[in-house]
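Visitor: I'd like to learn how to read a structure like this one. Could you walk me through it, feature by feature?

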Amino acid sequence: MVFTAESQNAAVNLVSAVETAAINLIRTMSHEQSKSETDAETDSNEDRFFLRDLGVERRDFMKAGMAAGAATSLTGCTGLLGGGGDEQRAASADYEVPPGEHDDYYAFLSGGHSGEIRVYGLPSMRQLMRIPVFGRESARGHGYDDKSREMLEEAGGYTWGDTHHPRLSQTGGEFDGRWLFINDKANPRIARVNLKYFQTDAIAHVPNTQGIHGVTGWYPDTELVLGNGEFRVPIPNDGRNLEDPDKYRSVYTAIDPESMNVEWQVLVDGNLDNSDSGKNGRYTFSTCYNSEEGVDEQGMTADDRDWVVAFDIPRIQDAVENGEYEVVNDVPIVDGRQGSSLNEADRPVTTYIPVPKNPHGVSVTPDGKYACASGKLSPTVSVIDIEAIDEVDDPEEAIAGRPNVGTGPLHTAYDGRGQAYTTLFIDSQVAKWDIEQAVEAELGSEDPVIEKIDVHYSPGHCQAAQSYSTDPTGDWLLALNKFSQDRFLPTGPYHPENDQLIYIGDDEEGMQLVKDTPSYAEPHDATIAHRDRLDPADIWDPDDYELDYIDSGESNIERDDGRVYIETYAIRNQYGLSDITVQEGDEVTLHVTNIETAKDISHSVVIPEYDINLSLAPQETRKVTFTADNPGVFWMYCGYFCSALHLEMRSRLLVEPEDEPEGPDPF
Ligand code: K7E
Ligand code: CUA
Ligand code: CA
């Protein structure tokens with residue numbers, strides 16, 4: 001960080017002026033004031049992008065940084081001065097990805113109670129795609145064709161979900177680009193997204209819990225997907241023990257990533273919040289904020305300590321193999337409560353590690369040495385030495401460090417250089433701290449904190465590029481802020497969230513905020529993968545679905561006792577059949593292939609009267625079944641603007657009436 005005596009004086013002189021309106025000061029700051037300080041700097045076109053949202057030209061930047069820093073100190077925040085410097089401008093220029101050029105990273109952001117996933121390109125923060133997951137979505141026809149509709153129905157038939165934690169599959173501790181798994185906090189579901197097609201391809205319905213919060217793969221090879229039951233409920237939840245919260249339970253659920261079958265569950269004391277996996281196929285970790293087993297806020301915050309549960313997955317699998325479980329709703333449940341006989345053995349199935357207070361996020365360092373649990377109601381992060389868990393007599397002795405990072409710590413990400421980044425919800429900051437220093441320092445010491453940066457405002461997760469894997473790239477950090485307040489044009493009482501991009505690639509310069517991005521409610525977590533880690537398909541491979549490919553000239557209609565099965569295809573600018581005649585009351589299946597081989601030429605089949613919305617990417621086949629219960633003429637049209645004659649791309653569905661219509665034609 002460039003922080004000379006001269007600039008410090010300048011900052012101090014600015015203090016009274018920025019007290020009321022730092023941004024106004026930045027805007028009105030004269031060119032002359034800043035010129036002398038920037039004369040020595042190289043001028044380049046790219047540099048002009050910085051702070052352009054604030055209307056600040058590059059030459060104003062030194063002062064802008066100082067004014068912002070001065071404002072920060074005035075409001076009592078502990079943030080260090082976000083000063084200027086060549087590197088900062090270099091970083092800010094790097095985030096601009098020119099038109100037509102590609103980003104370096106994919107960022108997969110959860111969509112919260114929109115139930116979807118958003119895909120951003122980083123560092124541009126451009127939204128590249130949305131992936132519908134737990135609810136119907138019309139642009140991609142999710143929940144409209146037979147397959148996706150059945151998938152949603154078989155997973156409980158809920159109409160919406162609450163996505164929080166997108167986690168990529170890994171092989172050997174690195175993202176393998178195969179799948180993304182995501183929880184539904186609202187309903188007990190975990191979904192799988194196929195990253196070849198950026199499409200939700202399976203949803204598991206999880207019994208014996210209400211909602212799944214934290215989710216993680218069991219790494220390094222994603223042999224299981226694990227989900228946290230956050231809300232305690234009676235098991236089975238069939239009307240028993242309504243008034244007896246002591247008999248409400250939480251379970252940790254393991255799912256097979258290939259079959260998406262629920263394999264087993266572990267009964268725990270307390271509840272389960274967030275989760276992450278160790279790196280060597282042994283432990284996974286979950287936070288519990290309700291060790292009190294309370295049913296209201298007061299009850300859940302009564303104690304100074306809650307815990308992190310370390311799940312010994314191989315040990316749990318042994319217990320399942322040995323039949324040491326009870327089956328409820330067809331799922332074997334292993335007793336992992338503290339008093340369980342399985343925990344009296346040399347290798348307990350669960351270890352409860354006490355941490356302060358109502359902890360929230362837990363994440364494992366890229367080297368697999370530590371699991372860091374954020375205190376939420378304690379200003380600390382508890383650093384658990386994973387190897388020590390097996391060695392200590394008292395689980396609390398596995399706590400190797402506990403830096404005091406600031407108020408309201410929620411989630412921690414890593415840069416791969418031994419540094420951690422923790423969001424501070426109440427301070428509206430991200431704190432950067434040194435992991436080994438945290439281990440060496442006294443518990444509760446602020447010394448390991450290297451730097452803090454203001455974010456706007458109240459961050460939930462922060463996420464660094466490839467932080468969940470063993471090879472973080474250490475250049476970009478996303479702060480997913482819950483409030484944007486005054487950062488954007490007003491949009492009525494619902495404000496956008498604010499996803500901020502921070503450059504963390506230069507330890508000397510410090511963290512540099514380079515971009516605000518408004519987002520729709522509401523991203524919780526993200527996973528950021530270098531583009532080399534993914535290999536999405538340009539068009540569909542017909543071998544990847546079970547339906548027959550219907551080629552040009554292969555249209556066919558089969559009728560059998562009130563069932564009509566129609567096979568046809570779509571190509572610019574027509575369907576294989578110019579009209580389709582069925583009888584009122586027929587059960588009709590429409591099976592359609594988009595036979596385009598050119599990428600980006602999607603078609604759809606829309607029949608509004610029958611709520612049909614079949615979306616077809618190139619070479620994709622889908623089918624939809626409906627009952628033709630209204631007689632009449634119904635235009636079937638294409639919803640994607642696919643060509644100059646897109647509007648002409650249509651056919652007719654003719655539904656013949658059971659009874660002849662009565663009365664004369666009015667016209
Ligand atoms: Cu902190 Cu659901 Cu990861 Cu939201 S959780 S922020
Ligand atoms: Cu096909 Cu428009
Ligand atoms: Ca608590």
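Guide: Let's begin with accessibility: a residue is buried under 20% relative accessible area, exposed over 50%, and partly exposed in between, using a 1.4 Å probe and protein chains only. Before we apply that, some ground rules: this is a predicted model, in which local features need pLDDT of at least 70, side-chain atom pairs count only at pLDDT 80 or more, and totals for chains, interfaces and linings use all residues. Residues are numbered from 1 along each chain as its sequence is written, chains are lettered from A and ligands numbered from 1 in the order in which they are written, and side-chain values use heavy atoms, with hydrogens and water left out.

Visitor: Is Tyr457 buried, exposed or partly exposed, and why?

Guide: Tyr457 has a relative accessible area of 22%, so it counts as partly exposed. Look for Tyr457 in the loop between β26 (449-454) and β27 (459-464). Strands like these are DSSP runs of E with at least two residues, helices are runs of H or I with at least four, and both are numbered from the N terminus. The C-alpha atom of Tyr457 is 7.6 Å from that of Gln485, although 28 residues separate the two along the chain.

Visitor: And what about Val633?

Guide: Val633 counts as exposed because its relative accessibility is 52%. Val633 belongs to strand β40 (residues 632-637). Its C-alpha lies 5.9 Å from that of Leu653, 20 residues away in sequence.

Visitor: How do I read strand pairing?

Guide: Two strands pair if DSSP finds at least two bridges between them. Take strand β9 (residues 225-231), where six of the seven residues are buried. On one hand, β9 pairs with strand β8 (residues 210-217) in the antiparallel sense, over five bridges, and Gln210 sits opposite Phe231 of β9. On the other, β9 runs antiparallel to strand β11 (residues 248-255), joined by four bridges, with Leu226 opposite Ala254 in β11.

Visitor: Which strands does β21 pair with?

Guide: Strand β20 (residues 370-374) is antiparallel to β21 and joined to it by five bridges, while two bridges tie β21 to strand β22 (residues 399-401), also antiparallel. Cys372 has Val383 in β21 as its bridge partner, and Ile384 has Ile399 in β22. β20 and β21 make a hairpin with six residues between them, and Lys376 in the turn has a positive phi of about 55 degrees. Four of the five residues in β21 (residues 381-385) are buried.

Visitor: How many aromatic pairs are there?

Guide: Rings of Phe, Tyr and Trp (its six-membered ring) pair if their centres lie within 6.5 Å; planes under 30 degrees apart are stacked, over 60 edge-to-face, and the rest tilted. That rule gives 13 aromatic pairs. In one of them, the rings of Phe108 and Phe198 have centres 5.7 Å apart and planes at 45 degrees, so the pair is tilted. This pair links distant parts of the chain, 90 residues apart: Phe108 is in strand β1 (residues 105-110) and Phe198 in the loop between β6 (189-194) and β7 (199-205). Both Phe108 and Phe198 are buried. Tyr610 and Phe626 are tilted too, because their ring centres are 5.1 Å apart and their planes at 40 degrees. Tyr106, Phe108 and Phe198 form one aromatic cluster.

Visitor: Where does a charge sit over a ring?

Guide: For that, NZ of Lys or CZ of Arg must be within 6 Å of the ring centre and within 35 degrees of the ring normal. Here Arg178 lies over the face of Trp179, at 4.0 Å from the ring centre, and Arg650 over that of Trp635, at 4.7 Å.

Visitor: Which residues coordinate the calcium ion?

Guide: Donors are N, O and S atoms within 2.8 Å of the metal (3.2 Å for Na, K and Ca), and water is not among the atoms, so sites may look incomplete. The calcium ion (ligand 3) is coordinated at 2.3 to 2.6 Å by Tyr289 (O), Glu292 (OE), Glu292 (OE), Met300 (O), Asp306 (OD), Asp306 (OD) and Asn358 (OD1). Among these residues, Glu292 is buried because its relative accessible area is 18%, whereas Met300 is partly exposed at 21%.
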